[in-house]
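Keep the 3D view open and follow the points in order.

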Amino acid sequence: MSNILLLMFFLSAWRVAKRLILRRLIANGFHNINILIVGTDRVAKAVLEEIKKNPWWGFRIVGFLDNKNTQTVEGYQLLGKFDEFIPVCRKYFVDEVIITLPYENRVVSSLIKSAKMMRVGVRVVPNNFEEVTPLVDIQYLGVIPLITYKQRTHHPAEFALKRVFDFTVSLALIILLLPLFILIAILIKIDSEGPVFFIQKRAGYKGRLFNCYKFRSMIKDAEKLKSELIDKNEVRDGIIFKIKKDPRTTRVGKLLRKYSLDELPQLFNVLRGDMSLVGPRPFLVEESKKFNHVHIQRLSIRPGITGLSQIRGRSELTFYRWVKWDLWYVNNWSFWLDSYILFQTIPAVIKGK
C-alpha cells in the first residue's frame, strides 16, 4: 500500500514539474503561435490583455488589422487594412487569427474564407462575450453548428467535499498560524487605540448576513470618516469602495493590508461555515443592494477569502469585470479550480498584489 501511495505521489509530482517546466519554456518563446488580431476596439484590447496576462499560452501577437487610421494599438503595430489580410498573413507567418468584429460585419465572412484557404486557424469572439454567460458548448443541428448556453449543476457531494476541505484546512491553518495571530494582535494594540478585530456585516450565501472578521487595519471609528472619502474611490464604476493609500490606515495596518494579513481572521468564518477558502469576495450589505438580477447569482455559493477576482487584478478591476470573474467561477467551479486559485494566491500575497 505504501509503495502505491509513493508511486502516486511521484507521478503527480512529475506531472506538476513537467507542466511548470513546459509553461516556462513556452513563456520564453518555445513553440509560440503567431497571432493576428482583427479589430482594434475594446473587445480586441480585452483579448490583448488576456494574452499578455497568460504568456504560457504561447500566443505571440504579431499585430492588428483594421480599417481605422491609426499606427499602433497598445504598443502593437497596425499591420494593414482588412483587404490586406492575405499579404499580412504571409509576411508575418500568421498561424491563427482572432476576429473581434461583430458577426454582422460583412468583412467577417470574407476573412474566415481567406483564412481557411490559407490554412490559418480562426477564432471568433462572440458578440455577447461581455455579458455574464454560463457554460458554452458547440452542438450540431444536422450540419448546422449551434452555440449552446448551459447552466452548470453541481452534485451535493461536490459541495460536501468542498466543505470538508475548507473545515480541515482552515482548522490546520488556525493552529499553525496561532503565534502569528498573537503577534499581529500585540502590534495592533501597541500601534493605535481600538479593538484588535474589525467586525462587519457582509452578504453571504443566498444573501444571508454574517459577521466578517478582519484584523483592524484602520484607526478607531474609521467607518464614520468614509463619507468624506467617497470622491477618492479608486475602483472604477464606484459601486464598491476601495482606496490603496487610505488615510485612515494605521502604520501596522498598511503592512497587514499589503500582504492581506488582515484577512487571516476570516479563517474562523470558514471554520464556522460562513465562508469558503475560495469563492467570490463578500461585499458589504449596502454594496450588495446595488446588484441587479444577474449579479445576484454570485451569492449562490459561499463567499471566499480568495477568488479569481483577487488573482486577476483586485481593485484594478472595474466592478463589472470583478463580478464577471465571480460568475464565471460560480458556473465553472471544481475542486481543481479551487486548487489552482489557492496556488496562484500565494505569489500574489507574497508580492503584495
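1. A word on angles before we start: helix axes are lines fitted to C-alpha atoms over the stretch in contact, and the angle between them runs from 0 to 180 degrees between N-to-C directions. With that in hand, look at α6 and α7, whose axes cross at roughly 145° and come within 8 Å. On the α6 side the contact is made by I184, L187, I188 and D191, and on the α7 side by R251, V252 and L256. Sorted by class, this contact has 5 nonpolar and 2 charged residues, with no polar ones.

2. Now step back for the overall picture. Please bear in mind that this is a predicted model. The protein has 12 helices and 12 strands. Of its 353 residues, 41% count as buried. Among contacts with a separation of 6 or more, 67% are between residues 24 or more positions apart.

3. Which residues touch the most other members of the largest nonpolar core? They are I188, F215, L267 and Y329, in a core of 26 residues. The largest share, 4 residues, comes from α6.

4. Y329 deserves a click of its own. Leaving aside residues up to four places away in sequence, Y329 touches K162, V278, G279, P280, I301, L308, L337, D338 and I341.

5. There is also a second, separate core, with 17 residues, including V38, C89, V97 and L111. C89 is buried because its relative accessible area, 3%, is under the 20% cut-off. C212 is likewise buried, at 1%. A search of the whole structure finds 0 disulfides.

6. V122 is worth a look next, in strand β6 (residues 121-124). Is V122 buried, partly exposed or exposed? With a relative accessible area of 30%, V122 is partly exposed, because that value lies between the 20% and 50% cut-offs. Not counting residues up to four places away in sequence, V122 touches V97, I99, I112 and A115. One of these, V97, belongs to the second core. The C-alpha atoms of V122 and D95 are separated by 9.0 Å, and the two residues are 27 apart along the chain.

7. On to the aromatic rings: a search of the whole structure finds 8 aromatic pairs. One of them joins F64 and Y76, with 6.4 Å from centre to centre and 65° between the planes, an edge-to-face arrangement. This pair links distant parts of the chain, as F64 sits in strand β2 (residues 59-65) and Y76 in strand β4 (residues 76-80), 12 residues apart. F64 is buried, with a relative accessible area of 0%, whereas Y76 is partly exposed at 25%.

8. F335 and W336 give another edge-to-face pair. F335 counts as partly exposed, at 26% relative accessibility, while W336 counts as exposed, at 67%.

9. Last stop: F181, F197, F215 and F268 form one aromatic cluster.

How values were computed
Residues numbered from 1 in each chain as written. Predicted model: local features only at pLDDT ≥ 70, side-chain atom pairs only at ≥ 80, totals over all residues. Heavy atoms only, no water. Phe/Tyr/Trp six-rings, centres within 6.5 Å; stacked < 30°, edge-to-face > 60°. Helix = DSSP H or I, 4+ residues; strand = E, 2+ residues; numbered from the N terminus. Buried < 20%, exposed > 50% of the residue type's maximum accessible area, 1.4 Å probe, protein only. Disulfide = S-S within 2.5 Å. Core = buried A, V, L, I, M, F, W, Y, C linked by side-chain atoms within 4.5 Å. Contact = heavy atoms within 4.5 Å. Nonpolar A, V, L, I, M, F, W, Y, C, P; charged D, E, K, R; others polar.
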